[in-house]
Amino acid sequence: MAIVDVNVPQFSESVSEGTLLTWKKKPGEAVAIDETLVEIETDKVVLEVPAPAGGVMGEILVADGATVTSQQLIAKIDTEGKASAAAAPAAAPAAAPAAAAAAAPAANKGDVAMPAAAKLLAEKGLAATDVAGSGKDGRVTKADALAAAPKAAVPAPVSAPVAAKPALPPVAAPVQQNLGDRPEQRVPMSRLRARVAERLLQSQSTNAILTTFNEVNMAPVMEMRKKFQEKFEKEHGVKLGFMSFFVKAAVAALKKFPVLNASVDGNDIVYHGYFDIGIAVGSPRGLVVPIIRNADQLSFADIEKKIAEFGQKAKEGKISIDDLTGGTFSISNGGTFGSMLSTPIINPPQSAILGVHATKDRAVVENGQVVVRPINYLAMSYDHRIIDGREAVLGLVTMKEALEDPARLLFDI
């Protein structure tokens with residue numbers, strides 16, 4: 001017998017423990033190499049634990065829902081064992097003859113009621129097998145049938161289908177009572193949700209958060225996007241969205257006002273000479289913020305491909321810790337859900353975040369005339385400890401100017 005250990009994957013330095021979710025294999029079941037055995041939820045991502053070798057699932061040392069640490073031994077695989085799962089189906093046919101044999105006597109006994117007794121039993125909803133016969137060879141006589149209690153007072157025969165029916169009402173009743181018109185459901189937070197909550201409270205309590213707003217006429221971006229959408233998708237294999245314009249506009253502002261791209265470390269201000277932009281993405285397990293690294297060096301196509309990749313990973317729950325590590329500035333797009341305006345919360349240790357909202361046709365004044373334009377309200381929250389109102393307001397104005405004249409993004413002006 002050759003036993004191979006199954007260990008928890010190596011966590012990053014910022015992750016100390018995780019929660020083991022549901023095992024996908026049971027002891028005795030066949031396992032293929034690299035097949036996912038279980039998933040482990042950390043406060044950042046969900047990690048898959050692949051089988052290090054093929055064979056048979058051996059002992060499981062950690063139960064579902066338990067807390068585990070990096071490199072902890074959680075199960076064993078027998079690489080030379082044979083799966084026992086096939087034994088279960090084989091037991092069913094073996095049981096069938098026994099059941100048939102047991103049923104045979106009952107079937108024979110069903111024919112031993114006298115004609116008059118059989119009629120009385122039918123009226124009472126009884127079968128000959130329900131009554132002990134006092135006649136010759138155990139035959140049920142008329143007297144036996146008259147003395148027999150109606151079926152309502154007789155316990156039901158022991159069989160799975162009949163026994164299951166009376167058991168249903170008692171189980172359903174409490175559920176019906178609990179529903180009522182004021183239902184409640186208590187669900188423990190996942191590690192990811194708890195971590196998000198912790199970081200948001202940390203942000204609120206440690207940063208001096210203010211938010212500045214501005215409105216942007218999105219017509220120029222929309223016209224450029226419409227003009228090049230088809231050629232762009234044909235050339236790069238990805239659609240030209242609005243987010244790449246927002247990322248480029250943000251980078252332009254961060255270059256002009258470096259403090260927006262900085263962070264606080266104790267009593268120091270750390271100015272970052274690179275532009276790693278976090279894009280807030282909703283996933284089935286909660287909010288995650290994967291990072292587009294060196295966004296200043298990427299083309300529109302590169303940015304759109306990264307965003308599409310992160311969206312797919314989030315949907316499948318495959319965002320990695322590396323995808324979430326770092327970041328110097330973030331963008332939150334509530335507009336995808338129809339938000340008109342919001343005050344985004346800074347993602348520590350960053351010092352600023354841009355909130356993007358739904359673009360709607362609105363009445364605005366241009367050259368003394370009221371006209372209709374597609375307007376998007378931008379909001380930028382910033383840490384007033386290191387960012388003054390001047391830098392915040394002018395930084396958002398820089399983004400506005402870049403979006404209202406997107407050609408300048410191509411020339412970096």
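**View A. At 35% relative accessibility, Arg 293 counts as partly exposed.** Here, buried means under 20% relative accessible area, exposed means over 50%, and partly exposed lies in between (1.4 Å probe, protein chains only). What you see is a predicted model, in which local features need pLDDT of at least 70 and side-chain atom pairs count only at pLDDT 80 or more, while totals for chains, interfaces and linings use all residues. Residues are numbered from 1 along each chain as its sequence is written, and side-chain values use heavy atoms, with hydrogens and water left out. The partner of Arg 293 is Asp 276: the two form a salt bridge whose closest N and O atoms are 3.9 Å apart. A salt bridge is a side-chain nitrogen of Lys or Arg within 4 Å of a carboxyl oxygen of Asp or Glu. Asp 276 sits in the loop between strand 11 (268–270) and strand 12 (277–279), and Arg 293 in the loop between strand 15 (291–292) and helix 8 (300–316), so the pair ties together parts that are 17 residues apart in sequence. Asp 276 is buried, with a relative accessible area of 8%.

View B. Helices (H or I, at least four residues) and strands (E, at least two) are DSSP runs, numbered from the N terminus. An α-helix has 3.6 residues a turn, so residues three or four places apart point the same way. Glu 309 is partly exposed, with a relative accessible area of 33%, and Lys 306 is partly exposed with a value of 33%.

**View C. Glu 391 and Arg 390 meet in a salt bridge through their side chains.** The N to O distance is 3.6 Å. Glu 391 is buried at 19% relative accessible area, whereas Arg 390 is exposed at 54%. Elsewhere, salt bridges that share partners join Lys 306, Glu 309, Lys 313 and Asp 323 into one network. The count of salt bridges comes to eleven.

**View D. Helix 10 (residues 389–404) has 16 residues.** From its first C-alpha to its last, the helix reaches 22 Å, close to the 22 Å expected at 1.5 Å a residue; the expected span is 1.5 Å times one less than the number of residues. Its buried residues include Glu 391, Gly 395, Met 399 and Leu 403. Seen down the helix axis, the buried residues of helix 10 fall within an arc of 145°, so they line one face of the helix. That arc is taken from the directions from the helix axis to the C-beta atoms.

**View E. The largest nonpolar core has 73 residues.** Such a core is a set of buried Ala, Val, Leu, Ile, Met, Phe, Trp, Tyr and Cys residues joined through side-chain atoms within 4.5 Å. Those with the most contacts inside it are Ile 74, Ile 277, Phe 329, Ile 331 and Met 399. Helix 7 (residues 243–256) supplies the largest share of this core, nine residues. Leaving aside residues up to four places away in sequence, Ile 331 touches several residues, among them Met 243, Phe 246, Ile 277 and Ile 353; contact means heavy atoms within 4.5 Å. A second, separate core of six residues includes Leu 126, Val 140, Ala 145 and Ala 148.
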